[in-house]
Amino acid sequence: MRDSEALVREFWRLMQTNDFEAVGAVLADEFVAEWPQSNERIRGRANFAGLNREYPAHGLWRFELNRMVAGADQVVTDVSITDGVQKARAISFFTFTGQRISKLVEYWPEPYEAPENRAHWVEALT
């Protein structure tokens with residue numbers, strides 16, 4: 001479990017550099033990323049790097065690891081992402097082949113205002 005945790009921490013550290021080709025160092029040859037909400041699959045290191053490099057941004061991307069849960073063969077992270085203007089949160093499921101990440105499934109939930117009809121049951125997180 002320790003190796004998979006360290007590997008995922010290294011993934012996010014490399015993403016933080018904004019050198020997306022360097023992220024390939026922790027990705028397996030058969031790496032695949034999936035974004036179920038938009039029905040997209042990114043196959044291979046080069047495509048993953050290219051997509052991230054060309055994604056429209058207002059500045060460098062910053063990644064804040066909010067939470068990590070590690071199991072025997074899978075790690076899940078909750079990460080806040082911003083370029084200084086755009087803000088997002090990703091829930092990422094990592095699986096491994098040997099000492100590399102072979103699959104990444106990410107969910108990018110959209111924030112929304114809580115409905116008034118439940119205000120008497122809840123309190124704001126922030």
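Before I start, a note to myself: helices and strands here are DSSP runs, numbered from the N terminus. I am also keeping in mind that this is a predicted model.

**Entry 1: the largest pocket**

I looked up the largest pocket and found about 510 Å³ of space in it. Its lining has 24 residues, and Trp35, Tyr55, Ile81, Ala88 and Trp108 are the ones nearest the centre. Which helices and strands each supply at least two residues of this lining? I noted α1 (2–16), α2 (45–54), β5 (87–97) and β6 (100–107). Sorting the lining by class gave me 15 nonpolar, four polar and five charged residues.

**Entry 2: the second largest pocket**

Next I turned to the second largest pocket, with about 430 Å³ of space. Among its lining residues I wrote down Ala88, Arg89, Tyr112, Arg118 and Glu123. By class, I have six nonpolar residues, one polar and three charged for the second largest pocket.

**Entry 3: the strands**

How many bridges join β5 to β6? I found seven, with the strands running antiparallel. Along this pairing, Ser92 is opposite Glu106 in β6. The two strands make a hairpin with two residues between them, and in the turn Gly98 has a positive phi of about 60 degrees.

Then I checked β1 (residues 27–35), which pairs with β6 in the parallel sense over four bridges. Here I saw Ala33 opposite Leu104 in β6. One thing to remember for later: side chains in a regular strand alternate between the two faces of the sheet.

Technical notes
Residues are numbered from 1 along each chain as its sequence is written. This is a predicted model: local features need pLDDT of at least 70, side-chain atom pairs count only at pLDDT 80 or more; totals for chains, interfaces and linings use all residues. Side-chain values use heavy atoms; hydrogens and water are left out. On a 1 Å grid over the protein atoms alone, a cavity is a set of points where a 1.4 Å probe fits but cannot get out, and a pocket is an open set with protein on both sides within 12 Å along at least five of seven lines; lining residues have an atom within 4 Å of a point. Grid points are joined across faces, edges and corners, and a volume is the space filled by probe spheres set on the points. Ala, Val, Leu, Ile, Met, Phe, Trp, Tyr, Cys and Pro count as nonpolar, Asp, Glu, Lys and Arg as charged, and the others, Gly among them, as polar. Two strands pair if DSSP finds at least two bridges between them.
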